[in-house]
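Subject: Structure for your review

Dear colleague,

Please find below the structure that I am handing over to you. My notes on it follow directly after.

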Amino acid sequence: MKSKLENYKQPVESESELSTKLSRKYFEKELEKLQMELVKLQTWVVNAGLKVVVVFEGRDAAGKGGVIKRITERVSPRVFHVVALPTPTEREKTQMYFQRYLVHLPAAGEVMLFDRSWYNRAGVEYVMGFCTEQEHRDFLELCPAIERTMIDSGIILIKYWFEVSQQEQERRFQSRIEDGRKVWKLSPMDLEAHRRWYDYARAKDEMFLATDTPEAPWYVVPADNKRRARLNCITHFLSQVPYKEVPSKSVRLPERQPSKGYREPERAYNVIPQIH
């Protein structure tokens, strides 16, 4: 059984259209259709007991968080879980590397969205010198076997790499510097990532060479245009998970119970100021 987007078909656009921005109206209309499909997918995941893992990796400021937000904003957080692990604790640093990630793998009826993942070892840890050369080599050798074990256990594993150009990354970093609403998103690590563009490029090439396997391939998301990236990534995600619509019963609101003499108490409430 293949996944179906029966009510959704994205219009084919010409090369000239691909180079232009999508209007907000068009984007929101298409996003609404995709989010309706995500709700259908959610119901099927629960009913069929599927276990889904989606890995989001890529350049800093490539828009991974924006896609994750659009995936999760209309579905249940009890089904779709976002995993964004902080810097490892001193105890976690002494564990087997994969250990802190394995505990976040899904049970039946769950979708785990990894906002960065075990691939930190192939990227930031390697480039910034937080792991040794031997640890990096060991990771690249072991990772395909770990992912194969996940798949053999029944997990649907999908891996996305968000690719952004140097010019667009710099523009987004500059926007974070200048916009007080975004300044929290700019870390010292982001600044170093900007400086070490080619170190990250080499690390990504090594990672793809070792871990882009037939069982768990990497899917590259061109992300210079955020709106296109969001629509295209969600569309592809829906195509990778076998699902179908589960028939639902019609719902009708019941009548309210009688008041039986209830009256609002006569007391003053602390109502917030109505400024807007």
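Are Lys93 and Glu90 buried or exposed? Both residues are exposed, where buried stands for under 20% relative accessible area, exposed for over 50%, and partly exposed for what lies in between (1.4 Å probe, protein chains only).

Some conventions apply throughout. The model is predicted, and local features need pLDDT of at least 70, side-chain atom pairs count only at pLDDT 80 or more, and totals for chains, interfaces and linings use all residues. Residues are numbered from 1 along each chain as its sequence is written, and side-chain values use heavy atoms, with hydrogens and water left out.

Overall picture

The protein has 11 helices and 5 strands; these are DSSP runs (helices H or I, at least four residues; strands E, at least two), numbered from the N terminus. Its C-alpha trace spans about 75 × 50 × 50 Å along the principal axes. Of the 276 residues, 41% count as buried. Among contacts (heavy atoms within 4.5 Å) with a separation of 6 or more, 80% come from residues 24 or more positions apart. The protein exposes about 17,600 Å², of which carbon and sulfur atoms supply 53%; accessible areas come from the Shrake-Rupley method with a 1.4 Å probe, and for residues only the protein chains shown count as cover.

Helix H2 comprises the 25 residues 24-48. Gly49, with a positive phi near 70°, follows H2.

Pro144 is itself buried, as are His136, Phe139 and Met150, among others in H7. The cover over the buried residues of H7 includes helix H5 (99-102), helix H6 (124-127), strand E4 (155-163) and helix H10 (197-211). Just after H7, Gly154 takes a positive phi of about 105°.

Salt bridges

The structure holds 20 salt bridges, each a side-chain nitrogen of Lys or Arg within 4 Å of a carboxyl oxygen of Asp or Glu. One of them joins Arg116 to Glu57, with the closest N and O atoms 3.3 Å apart. Arg116 lies in the loop between E3 and H6 and Glu57 in strand E1 (residues 51-58), so the pair ties together parts 59 residues apart in sequence. Arg116 is partly exposed at 24% relative accessibility, whereas Glu57 is buried at 3%.

The pair raised at the outset, Lys93 and Glu90, also forms a salt bridge (3.2 Å, N to O). Both lie in helix H4 (residues 90-93), 3 residues apart, about one turn of the helix. In helix H10, Asp199 and Arg202 are likewise 3 residues apart, and their side chains meet at 3.5 Å, N to O. Asp199 is partly exposed, with a relative accessible area of 36%, and Arg202 is exposed, with 53%. Salt bridges that share partners join Glu37, Lys40 and Glu245 into one network.

Yours sincerely

Technical notes:
Expected span 1.5 Å × (residues − 1).
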